[in-house]
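Okay, thanks for coming, everyone.

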Amino acid sequence: MQQEKYAQIEKELSPKPPIMKNVIKAFLIGGSICLIGQFIALFYITYFDFTERTASNPTVATMIFIAMLLTGFGLYKKIAQFGGAGAAVPITGFGNAVVSASIEHKSEGYVLGVGGNMFKLAGSVILFGVFSAFVVALIKTILVKFGVVSW
Amino acid sequence: MISIYITSFIVGGLICVIGQLLMDVAKLTPAHTLCSLVVVGSVLDGIGWYEPFIDFAGAGATIPITSFGNALTHGAMAEAERHGLVGVVTGMFEVTSSGISAAIIFGLIGALLFTSKGNI
Amino acid sequence: MVKRGVLTFHSKPSIYATGVTAGPLENKKSVFAQQFDKSYEDERCDLPTNEDGHKQLMYDAVLIALSKAKKQPEKIDFLLTGDLVNQMTPSNFTAHALAIPYIGLFSACATSVSSMITAALLADAKHANWIVAGSSSQHNAIERQFRYPVEYGSQKGATAQWTVTAAGAALIGQHTQGTPVIDCATVGKVVDMGMTDPLNMGSAMAPAASDTLMNHLTGHGKTVDDYDTIITGDLGSNGFKIFKALANENGLPHTKNFRDAGEEFYGNDPSFKAGASGSGCSAAVFFSDVYQKLLTGEYKRVLLLATGALLSPLSFQQGDTIPCIAHAIELTMEEVTAP
């Protein structure tokens, strides 16, 4: 049988992802995580010396801490199975990627295992974040220099 | 005051919906999806849209991974404004250091405390 | 005339005993749990690493099979096992612990049958009296190698399968009355239909299963009706559906006696998506449920059709398609003739 013909049969019989259902679940989980973040930010603004602008730093750290606990107790993968991108896109998903890789590679030791593999999933996000920031900031700086735009 | 909670829920949820569509419709892997969103966040800050977006949506804009791209770019641009071209490199992690350092610290603590469980 | 890949074992080697071990989740969720010989409270068998636990599964399965036939490892001529971990270290360590002459076999999840075929060849050629064949998989060890860390949150679609924690071993020797015997077999060709999704192995493996099934039926002059069951290894619900559609297309009108070990393993529990997979899946089902049904006479003649996806994490990240293989082996339970 030809590959094209098989691809057709396979496509016909394989289940399609329930996109509408997945989207709704991603919305609910993602929205809830951001809402929790908003409450944590409020906590830092009310009880500590943070402004609305600076509160996002401790908020992010707290969210990653919560992600560590959920990952360690085996709950984050269940949230992610339900919520899909709703669990992957918030910063807690970044935390889950780092913590899960660390836990998994503990068996190879803290230097080669945890140290060497901590960023094996999250590393690409850092790479592309840093590189795109570099390019964007570079372009902006040059444009400002030539007086095209202002800061 | 209450409205920021509603907007953060809706806006944060919608960014995740974009991520879900990238995975289910565009068939990107989770890693490709997250990288794309980070780049989008970075570009949006370059054209000056992300900061007003944070004012509008609060945690709905700062919790999704797009804000990571925004924060990196924001730090780089702020330093470039003060010190010129070299600031693009030196200012990169000025704003976003908390996310990275928290991930590293809690990653190691997580490894110390937990082992993985193949449960369902 | 020699037909490529088609084997007939004239001496009809026997399967004397089998041993199946399984992890705690399998003990709780598998419909075959009652038929497994041993299960563990801990997913790592109370050992420090996943791979250590993986080794223990295989080691215990072999010892259980031997103890049922009252044999010691020193009496066994060959050990033929395989698994999915890099360089098959769990099998290698098992072989060291047992100190039996050993050949490691890799056919991914089809290793349960490829090891039985090799064992039957050795027995049929009188190179050995006692051979142990088997394969195993351990969920955590395989997931972290082929996909993501176990605790990483990624949404699995309906075609994804759950790697089982289980091992199966079979003690094979010269023909004896009253035991299930190996009649014939067909060694499969690698079939690659251009599938690339590592979370949809069923679709990739179904054409290989179909190809080997047709080769077996034509090569040995059999029809589907000759078998009480034709049981595939771990196609999962999606792959099994496609496999049956391909069988219909190949002129096999009814597929009532078809089974799939992967689809049945967790009793169609939707949280396991398309079902079970892993080289322990087919071994555990073949050496428990199918073997026991042969012993009780419920099955007289069965065709085991184990399927394997021969990919590596490297190959699919480099954009390669998923090459797949299926091996078939035919077992019969002979009527015991009165002396």
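This is a predicted model: local features need pLDDT of at least 70, side-chain atom pairs count only at pLDDT 80 or more; totals for chains, interfaces and linings use all residues.

Before anything else, a definition: when I say contact, I mean heavy atoms within 4.5 Å. With that in hand, take chain B: of its contacts between residues at least 6 apart in sequence, 49% join residues at least 24 apart.

Now, chain A. How confident is the predictor there? The mean pLDDT of chain A is 95, with 99% of its residues at 70 or more. Confidence in chain A is lowest in helix H1, residues 3-13, with a mean of 94, and highest in helix H5, residues 85-88, at 98.

Okay, helix packing. Inside chain A, have a look at H2, residues 19-47, against H3, residues 56-72: the angle is about 125°, and the axes are 9 Å apart. That angle makes H2(A) oblique to H3(A). The crossing is right-handed. Who's touching whom? From H2(A) you have Ile33(A), Ile36(A), Gly37(A), Ile40(A), Ala41(A) and Tyr44(A), and from H3(A) there's Pro58(A), Thr59(A), Thr62(A), Met63(A) and Ile66(A). Sort the residues of that contact by class and you get eight nonpolar, three polar and no charged.

Next, a pair that goes between chains. H8(A) passes H2(B) in a right-handed crossing. On the H8(A) side, the contact includes Phe128(A), Gly129(A), Ala133(A) and Lys140(A), while the H2(B) side includes Leu34(B), Cys35(B), Val39(B) and Gly46(B). By class, this contact of H8(A) with H2(B) has 10 nonpolar, five polar and one charged residues.

Last stop, chain C, and a few loop residues. Most residues other than glycine have a negative phi. Which way does Asp46(C) go, positive or negative? Positive: its phi is near 60°. Asp46(C) sits in the loop between E3 and H2 of chain C, and it counts as exposed because its relative accessible area is 66%, over the 50% cut-off.

In that loop, between strand E3 (38-39) and helix H2 (50-68), you'll also find Asp42(C). At 26% relative accessibility, Asp42(C) comes out as partly exposed. Leave aside neighbours within four places in sequence, and Asp42(C) is in contact with Pro24(C) and Leu47(C). Leu98(C), on the other hand, is 56 residues along the chain from Asp42(C), and their C-alpha atoms are separated by 23 Å.

One more positive phi: Lys126(C), at about 60°, and not a glycine either. You'll find Lys126(C) in the loop between helix H4 (111-124) and strand E6 (130-137) of chain C. With 55% relative accessibility, Lys126(C) counts as exposed.

Technical notes: Residues are numbered from 1 along each chain as its sequence is written. Chains are lettered from A and ligands numbered from 1 in the order in which they are written. Side-chain values use heavy atoms; hydrogens and water are left out. pLDDT is the predictor's confidence in each residue, from 0 to 100. Helices (H or I, at least four residues) and strands (E, at least two) are DSSP runs, numbered from the N terminus. Axes are lines fitted to C-alpha atoms, for helices over the stretch in contact, and angles run from 0 to 180 degrees between N-to-C directions. Angles under 35 degrees count as roughly parallel, over 145 as roughly antiparallel, 65 to 115 as roughly perpendicular and the rest as oblique. A crossing is left-handed if the near helix is turned anticlockwise from the far one by less than a right angle, and right-handed if clockwise. Ala, Val, Leu, Ile, Met, Phe, Trp, Tyr, Cys and Pro count as nonpolar, Asp, Glu, Lys and Arg as charged, and the others, Gly among them, as polar. Buried means under 20% relative accessible area, exposed over 50%, partly exposed in between (1.4 Å probe, protein chains only).
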